[in-house]
Amino acid sequence: MNNNALAFIALGNEYCQAVENAREVERHDFVLTITRLLPRIYIAASDLSAESILTEEMYINPVLEEDYYESVRLGLEQLFGPEDTYLEVFEDDMKYSDTPIAASIAEGLTDIFQSLYNLLENIKDATDDMAQALLVAAKEEFESYWSRVLCNVMRPLNAIRFSPDAEE
């Protein structure tokens, strides 16, 4: 495993811990942490190698239980309160709609959490070859889905972080 893969795994772990512990910190501190982590995760995921030694296609076994997902999402939703909802302009359905489409910071962050949590749980006991294949699967999942979620959720997080009402 190369240094970028290790950095990605470490950042994923740091992100998961921050999201799991969001209820225990002030919103301002959480937003500072997340807005520092997300761009680094984006870069590390983008730079993951897409080559695997295994010939069979690897997928990341979903291990995050729905109840835990919902608990994490609700905790984030409570943390953000009314600022959890934002208007999404980069939604595919937007080009066919006359009405704005609402999105949730909590749901976006929890979707990213779910992908990283599943990867971390699967990679713990994996052999080096399997770990590399799991990282390839994570990169594919990142490219096809959660890279967009990450970028979309940065905009409202940035607005919260640098709003005139933000704590110094």
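Analyst: Happy to. A nonpolar core is a set of buried Ala, Val, Leu, Ile, Met, Phe, Trp, Tyr and Cys residues joined through side-chain atoms within 4.5 Å. Buried means under 20% relative accessible area, exposed over 50%, and partly exposed in between, using a 1.4 Å probe and protein chains only. This is a predicted model, where local features need pLDDT of at least 70 and side-chain atom pairs count only at pLDDT 80 or more, while totals for chains, interfaces and linings use all residues. Residues are numbered from 1 along each chain as its sequence is written, and side-chain values use heavy atoms, leaving out hydrogens and water.

User: Which residues have the most contacts inside the largest nonpolar core?

Analyst: Phe8, Tyr15, Leu76 and Leu109 do, in a core of 49 residues. The helices α1 (3–20), α2 (27–46), α3 (66–80), α4 (105–123) and α5 (128–161) each supply at least two residues, and α5 gives the most, with 13. Helices (H or I, at least four residues) and strands (E, at least two) are DSSP runs, numbered from the N terminus.

User: What does Tyr15 touch?

Analyst: Leaving aside residues up to four places away in sequence, Tyr15 touches Ile34, Leu37, Leu38, Ile41, Leu109, Ile112, Phe113 and Leu116. Contact here means heavy atoms within 4.5 Å.

User: What makes α4 largely enclosed by the rest of the structure?

Analyst: 14 of its 19 residues are buried, so α4 is largely enclosed.

User: How do you know that the span of α4 agrees with its number of residues?

Analyst: The expected span of a helix is 1.5 Å times one less than its number of residues. For the 19 residues of α4 that gives 27 Å, and the end C-alpha atoms are 27 Å apart, so the two agree. The 20 residues of α2 should span 28 Å, and its end C-alpha atoms are 28 Å apart, so α2 agrees as well.

User: Which residues of α2 are buried, and what covers them?

Analyst: Among them are His28, Phe30, Val31, Leu32, Ile34 and Thr35. Their cover includes α1, α3, α4 and α5.

User: How do α3 and α4 pack?

Analyst: They pack at an angle of about 145°, with axes 8 Å apart. Axes are lines fitted to C-alpha atoms, for helices over the stretch in contact, and angles run from 0 to 180 degrees between N-to-C directions. Residues of α3 that meet α4 include Tyr68, Val72, Leu76 and Phe80.
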